[in-house]
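Work through the exercises below with the sequence and the model open. Try each task before reading its solution.

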Amino acid sequence: MEETQKNFIKLQQEELNVTEIIQLVTFSNCGAISSFIGTTRDNFEGKNVMKLEYEAYESMALKEMLNICHKIRSKWNVEGIAIYHRIGEVPISKASVVIAVSSSHREESMRAVEFAINTLKKTVPIWKKEIYETGESQWKENKECKWINSK
């Protein structure tokens with residue numbers, strides 16, 4: 001299997017299946033699989049959040065997600081990389097993003113997962129709208145987002 005066949009990136013409206021995503025990066029030569037699961041919480045700054053809605057510039061988001069995979073491979077010796085993000089409505093306690101990375105030893109996969117989520121927040125054009133109990137809503141920008149802070 002060549003390197004690019006072990007990069008699994010996807011945007012989807014359906015619920016993310018953590019077990020299936022982890023299985024994508026499970027290889028017999030790996031002793032570690034590290035993962036990050038970002039879920040919808042029910043509050044933000046004292047407001048009750050009912051759900052989140054995500055929108056993405058899909059072609060650019062997928063390109064940037066693949067770019068994250070390439071950057072990870074240039075820094076660490078990893079085997080499989082999966083980066084899945086939901087778009088559309090994400091209810092409370094459900095996953096909006098799942099990242100899983102496999103490697104021979106834990107240090108590489110742990111560092112790669114942290115890099116992946118931090119870089120995704122900074123570079124991937126995905127936007128989040130919080131829907132509150134009051135019926136109000138607010139589009140949220142990532143404070144890390146490079147295109148917002150470059151003004």
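H105 is exposed, with a relative accessible area of 55%; exposed means over 50%, buried under 20% and partly exposed in between, using a 1.4 Å probe and protein chains only. The model is predicted, so local features need pLDDT of at least 70 and side-chain atom pairs pLDDT 80 or more, while totals for chains, interfaces and linings use all residues. Residues are numbered from 1 along each chain as its sequence is written, and side-chain values use heavy atoms, without hydrogens and water.

**Exercise 1.** Find the contacts of K128 beyond four places in sequence.

Solution. Contact means heavy atoms within 4.5 Å. K128 touches L52, E53 and Y54, and also Q138, W139 and K140.

**Exercise 2.** Describe the largest nonpolar core.

Solution. Such a core is a set of buried Ala, Val, Leu, Ile, Met, Phe, Trp, Tyr and Cys residues joined through side-chain atoms within 4.5 Å. The largest has 28 residues, and I68, I72, I83 and I99 have the most contacts inside it. Next, list the suppliers: β4 (47-56), α2 (58-75), β5 (78-86), β7, α3 and β8 each give at least two residues. The largest share, six residues, comes from α3. Apart from this core lies another, of nine residues, including I21 and A82.

Conventions
Helix = DSSP H or I, 4+ residues; strand = E, 2+ residues; numbered from the N terminus.
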